[in-house]
Amino acid sequence: MESRNRITRRTLLGAAVSLPAISPALAQAKPKIGVIGAGRIGGTLARHWANAGYRVMISARSLDEVQKLAAEIGHGVTAGTPQQAAAFGDVVLVSVPFGALPQVGKDNAAQLKGKIVLDTCNPYLGRDGEMAKEALEKGTGVVVPTYLPGVRLVRAFNQVSAAALASEAHRSGEKVGVPLAADDKQAMEVAQRLVRDAGFDPVVVGGLSTAKSFDQGAPAYKTLTARELRAILKL
Ligand SMILES: NC(=O)c1ccc[n+]([C@@H]2O[C@H](COP(=O)([O-])OP(=O)(O)OC[C@H]3O[C@@H](n4cnc5c(N)ncnc54)[C@H](OP(=O)(O)O)[C@@H]3O)[C@@H](O)[C@H]2O)c1
């Protein structure tokens, strides 16, 4: 199975690049999730995924805070350092201030290598300085891989407000849409599953370069239904 996956992926990619074979942990319905940055976005998603039956480890620099949050969420959620969460997850959510991404990438490079990483981080000029300017010009999907090299990146959950993320999960009627951009097909499939299981509606926008279309400041950068997102993004 492993070698078949490797060959298929090599064929798709034109033979030169050798990526890891699809891991059995990812093929299963509920991969383990590590969360780096358990604030309004990371903490809320950890809660949604734990409620949905996923095994989750949350982390931040302040271990005290994440230990309290893990106990409050329950469902077996554990707390650790960012490195422990990165090592724990088959999939890792990174949800820290944009300016912290280079450090997170360096500190956790070995643990994150080859993993699917969902990145929610938004560049703000006032908060993140010059690096935000570059990210907004080039697009986060182009710039973030330079901070998190070697991961299977998905831009996800960056344009849903923290309030909607907390209150609108699994709502009846049309669900809130979550646009996704990724170059890796399996990472995109796993991300769609995680969006659905968190209680939202995934909208596949395209490869990482398309993340710019729902970056901070773009018309699609607000809480919308999947139908509204598709109309704005002309999908
Ligand atoms: N708030 C929103 O409505 C919203 C919506 C979509 C996307 N986003 C984006 O998602 C990201 C997270 O937003 P948020 O609102 O959840 O922020 P937040 O509430 O301030 O949470 C940030 C988390 O990151 C941790 N953190 C900070 N620096 C870190 C580092 N170097 N290593 C590990 N953990 C670190 C913080 O804890 P410690 O300080 O203890 O480390 C905290 O747990 C941001 O980039 C934001 O732009 C926000």
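Reader: In strand 2, which residue is the bridge partner of Gly-34?
Author: Happy to start there, with a note that this is a predicted model, in which local features need pLDDT of at least 70, side-chain atom pairs count only at pLDDT 80 or more, and totals for chains, interfaces and linings use all residues. Residues are numbered from 1 along each chain as its sequence is written. Strand 1 (residues 33–36) and strand 2 pair in the parallel sense over 4 bridges, where strands are DSSP runs of E with at least two residues, helices are runs of H or I with at least four, both numbered from the N terminus, and pairing requires at least two DSSP bridges between two strands. Within strand 2, Gly-34 has as its bridge partner Met-57.

Reader: Are the residues on the two faces of strand 2 buried or exposed?
Author: In a regular strand, side chains alternate between the two faces of the sheet. A residue counts as buried with 20 or more other C-beta atoms within 10 Å of its own, as exposed with 12 or fewer, and as partly exposed in between, the C-beta atoms being placed from the backbone. In strand 2 (residues 56–59), Val-56 and Ile-58 on one side and Met-57 and Ser-59 on the other are all buried.

Reader: Which strands stand at the edges of the sheet?
Author: The open sheet has 8 strands in the order 3-2-1-4-5-6-7-8, with mixed pairing. Each edge strand has a single partner strand, so one side of each is left without a neighbour in the sheet; these are strand 3 (78–80) and strand 8 (201–206).

Reader: At what angle do helix 3 and helix 12 pack?
Author: Axes are lines fitted to C-alpha atoms, for helices over the stretch in contact, and angles between N-to-C directions run from 0 to 180 degrees. Helix 3 (residues 42–51) and helix 12 (residues 185–198) have axes 8 Å apart and pack at an angle of about 85°. That makes helix 3 roughly perpendicular to helix 12, a label for 65 to 115 degrees, with under 35 roughly parallel, over 145 roughly antiparallel and the rest oblique. So the angle behind "roughly perpendicular" is about 85°.

Reader: Which residues of helix 12 make the contact with helix 3?
Author: Contact here means C-beta atoms, placed from the backbone, within 7 Å. Helix 3 contributes Leu-45, His-48 and Trp-49. From helix 12 come Leu-194, Asp-197 and Ala-198.

Reader: How many other C-beta atoms lie within 10 Å of Phe-200?
Author: Phe-200 lies in the loop between helix 12 and strand 8. Leaving aside neighbours within four places in sequence, Phe-200 is in contact with residues including Ala-169, Lys-175 and Val-195. Phe-200 is buried, and the number of other C-beta atoms within 10 Å is 26.

Reader: How many charged residues are in the shell around the ligand?
Author: In all, 26 residues surround the ligand, the closest being Gly-37, Gly-39, Ala-60, Arg-61 and Ser-62; a residue is near if its C-beta atom, placed from the backbone, lies within 6 Å. Ala, Val, Leu, Ile, Met, Phe, Trp, Tyr, Cys and Pro count as nonpolar, Asp, Glu, Lys and Arg as charged, and the others, Gly among them, as polar. The shell has 13 nonpolar and 10 polar residues, and the number of charged ones is 3.

Terms used
Contact = placed C-beta atoms within 7 Å.
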